[in-house]
Amino acid sequence: MKILEVTLENIKSYEDRTTIRLQGGVTAILGENGSGKSTIQEAIGFALFDSLPFNNKEFVREGASSGTVEVTIELDEGDGGQKYRVTRSAGYSKYGVARYDSESDEWVNQDIDSKKALVRWLCTRFDLEDNDELKSLWESCIGVPQTRFLSDFAQRPGARTTTFDELLNIDAYEESWNTLKGVPDHIQAERRRVREEIRELTGEVQSLPEEREEKRRLEEEIERLVGEISSVKSDLEEAESRHDELNDIKERISEIEREIEQKEQAISAKESSLETAQSELETAKEASDKCDAAREGRERYLEAKNRQEELEDQREKLSTLRDQRQEKEAELGRLRTRKETLQEQVEKHDRAKENLEEHEEQKKRYEELDDRISEIESAQETVERLRDEIVSLDNEARDGLADLRETVETINEIEAEAAEVADAAELRSKIGDKKAEITSLESEEEDLREKLERLRDAEADAPCPTCGKPMDVEHRTETIEKREERLEEVRAKQQNLRDDLSALEDGLADAEQIEKRVAKLDMYRSRASDLREDLREHSEERKDLREEVSSLTDEIDELPDLEAERDSLEDAKEAYQTANVQVKEYADAPDELADVEESIESVEAEMEQIDEEIEAFGDVEDEIESVKETLDENEDDYQQFERNEQAADKLETREEAVDEIEGEIEELEEEHQQLTEDLEDANEAFDQEEFDTLSKEIDDLDGRIHTLSGQKSEKENTLEGVADKVAKLEDKLEEREEKVETLRELAADEKFATWVRENVREAGPKMRDVITDRIGKRADTIFRSIRGRKAEQLEWTSDYDIVVVDADVRKSFSTLSGGEKMAAALAVRLAILEQISGLSIAFLDEPTANLDRDKKANLVAQLNKLDAFEQLTVISHDSTFDSMTDYSITVEKPDQTSQVMGD
């Protein structure tokens with residue numbers, strides 16, 4: 001993995017959106033203490049590893065409700081690098097991941113909208129199990145906080161083992177041993193439970209042979225009943241077959257009798273239909289004769305009717321023309337009235353134009369005066385406002401001057417206090433050394449007590465329990481006295497160191513209070529500078545306001561003369577406005593008058609055209625009266641023809657209907673005769689006595705089958721219960737056999753579980769020896785490179801203590817100097833990172849404390865040689881890193897806001 005850039009907004013001392021771009025290799029992030037360097041490391045831990053050493057609200061810039069961190073990373077996903085942008089906010093719940101699509105040059109949202117989803121996505125990408133592993137990887141490996149960098153190694157052996165066992169996953173062996181603790185007991189309990197179940201199953205399956213015999217007996221009885229039912233059903237089928245034959249004959253007789261009756265009814269109906277058809281035929285003949293008599297009169301009627309329709313159309317058009325002429329006459333009257341009105345408006349328009357010209361100059365002068373008066377009145381308001389502003393500026397200046405005096409006094413107090421109090425960083429270093437010495441002496445005291453106990457408990461002439469050499473009473477007494485003297489010396493030194501430590505901690509408390517105040521010194525100086533600048537700006541602004549008031553006062557004196565002149569022009573202005581309204585009101589009258597005169601001429605021409613069209617219709621109404629007389633003379637013939645035409649048209653159809661019905665009656669009589677003969681044959685084939693005998697036999701056989709089926713059903717129900725019981729008992733027999741096999745497997749499992757548990761616990765210390773030896777050898781190489789002294793040798797013991805061997809002297813971590821501690825801790829931390837971090841990135845916060853320039857250079861050279869890391873980031877206030885590393889980023893904090901000044 002590679003981190004490309006980090007973007008912060010409203011995070012701690014970062015206000016505006018700030019982006020920090022990181023490079024490969026070794027990068028230094030430089031800046032003074034408190035400038036915001038470590039915030040970058042904390043933001044990466046927060047966004048990518050869900051780790052933050054304080055409350056989320058403390059991570060947000062003071063005064064803001066929330067802040068946002070964006071980290072852009074590049075992951076190797078097999079087919080090349082893929083960029084992702086991880087977003088997380090502090091102060092409110094906002095989470096997101098976007099993937100960069102190089103083809104569209106866009107960021108594609110990955111639908112991550114909760115902390116749980118983000119952590120799951122990160123664990124998947126980093127090949128981790130859960131959130132605990134994610135956070136632990138950062139806090140104990142990749143981004144170890146400055147406060148833990150040395151303290152982890154300075155712990156007591158037990159605490160030290162807990163810390164590094166968890167980091168190196170050695171605690172998994174002890175956890176596995178604890179987890180497996182109850183397995184053998186659980187298997188024993190399971191074996192007892194299985195034995196009890198076998199005993200229960202053995203008792204339950206004892207009745208299985210009797211149940212199997214009962215099942216067999218019932219199956220044989222059911223088979224006998226099935227055979228008897230089959231024989232009775234065969235007899236029943238023979239009887240039913242003959243009975244069905246006779247029944248078919250009986251049904252055929254009934255069917256023939258129904259058909260004969262139907263034929264007789266049909267013949268009767270057809271004879272009735274024949275009478276009706278013959279009557280309708282006579283009616284059609286009479287109608288045809290009447291149509292022939294009225295045909296000529298009907299033709300004359302139809303000709304007159306057609307002519308009447310033509311004449312009515314002409315009369316309707318004539319009526320329309322007369323209506324149009326009447327409308328035109330009305331329109332002409334309205335136009336002439338409108339013409340008179342417009343002529344009056346044109347006269348008013350002309351008079352209003354003359355008045356406009358007469359009063360225009362006076363009206364312009366009035367407006368000029370009115371505008372000037374408005375300006376002066378506005379100036380009066382401005383003068384009042386400016387005077388209020390001057391008073392406000394005077395008040396602000398007095399308050400600002402008081403603030404300035406108070407701020408200067410505070411600066412002087414802080415500078416005086418800072419000169420009298422010791423440096424807090426130096427006190428912290430001394431306190432750390434004192435604590436390390438106390439820890440070393442406590443270890444020595446514990447070792448001395450153990451040796452004394454063994455010496456006191458040892459028998460006379462027994463080998464020395466500490467060195468193994470023969471020991472007499474005198475030697476033993478002398479050794480005990482030396483150990484007791486050394487124990488008293490150690491305890492005395494511890495008490496002296498604790499007294500010194502208490503005094504240093506008291507001094508540190510005072511120094512830290514002053515340090516906090518000194519940290520605000522730049523803020524107070526900046527405030528004093530701002531207050532002086534505000535006072536200077538107030539003075540200049542007050543001067544400008546007074547000059548403006550003076551210039552406006554001269555103009556205000558002209559106001560009375562200007563108002564008097566304006567009032568004298570009031571009548572002229574009103575006369576102008578009245579004329580202007582009339583000019584606008586009647587502006588369209590001349591053009592509209594011309595349009596009306598043109599419309600009058602057009603309407604008169606249209607009326608002449610309509611008169612000509614009316615004359616062209618001639619005597620239409622007289623001709624309509626003549627046609628009406630013709631219609632009246634021939635209407636009776638027309639009505640007689642219409643009444644009889646439909647009946648006359650049916651003459652030929654009704655003649656055919658009579659012939660058809662006579663043919664149908666003949667066919668029905670022949671069919672009736674054939675059915676009578678078929679009925680006689682069927683009556684001869686049917687035997688009523690045989691039919692009744694078979695019916696009784698069928699009922700008897702049905703009853704026998706029903707009785708046998710009931711017996712069979714009863715036996716089957718009993719068999720079903722017995723079969724179900726047999727099946728369950730056989731299942732239990734099979735289950736018993738499985739339980740017996742399970743019992744044998746559990747015995748083997750118990751033996752194996754006991755063996756595994758014992759070996760798992762023994763593997764933990766062995767793996768610790770292997771891992772610490774491998775990491776220790778790599779750390780030794782790094783340590784010698786940083787120190788630049790080949791004679792020194794570093795060991796990382798199986799209890800995670802760092803031991804430096806110089807010639808014949810072995811020094812534990814607690815007895816090392818500050819520079820030695822930092823170099824040793826760095827060496828081991830880097831070796832651990834190489835071994836267990838698969839992300840190829842690391843952050844080192846202030847790793848050069850107590851290192852001189854040569855050792856710093858050696859450290860950077862060693863960092864560049866670490867092939868296991870694609871990206872190493874060093875955070876330091878030491879500017880010498882700028883010339884030593886591949887890349888550097890400088891963070892400054894002017895005006896209490898962190899800024900990236902250059903990279």
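Is Tyr100 buried, exposed or partly exposed, and what is its relative accessible area? In this predicted model, local features need pLDDT of at least 70 and side-chain atom pairs count only at pLDDT 80 or more, whereas totals for chains, interfaces and linings use all residues. Residues are numbered from 1 along each chain as its sequence is written, and side-chain values use heavy atoms, with hydrogens and water left out.

Tyr100 is partly exposed, with a relative accessible area of 21%; buried means under 20%, exposed over 50% and partly exposed in between (1.4 Å probe, protein chains only). Twelve aromatic pairs occur in the structure. In the pair of Tyr100 and Trp107, the ring centres are 5.2 Å apart and the planes lie at 55 degrees, so the pair is tilted. Rings of Phe, Tyr and Trp (its six-membered ring) pair if their centres lie within 6.5 Å, with planes under 30 degrees apart stacked, over 60 edge-to-face and the rest tilted. Trp107 is partly exposed at 33% relative accessibility.

Lys83 lies over the face of Tyr100, 5.5 Å from the ring centre, and Arg85 lies over the face of Trp107 at 4.6 Å. The criterion is NZ of Lys or CZ of Arg within 6 Å of the ring centre and within 35 degrees of the ring normal.

Asp105, in the loop between β6 (95-101) and β7 (106-109), has a positive phi of about 55 degrees although it is not a glycine. Strands (E, at least two residues) and helices (H or I, at least four) are DSSP runs numbered from the N terminus. Asp105 is exposed, at 54% relative accessibility.
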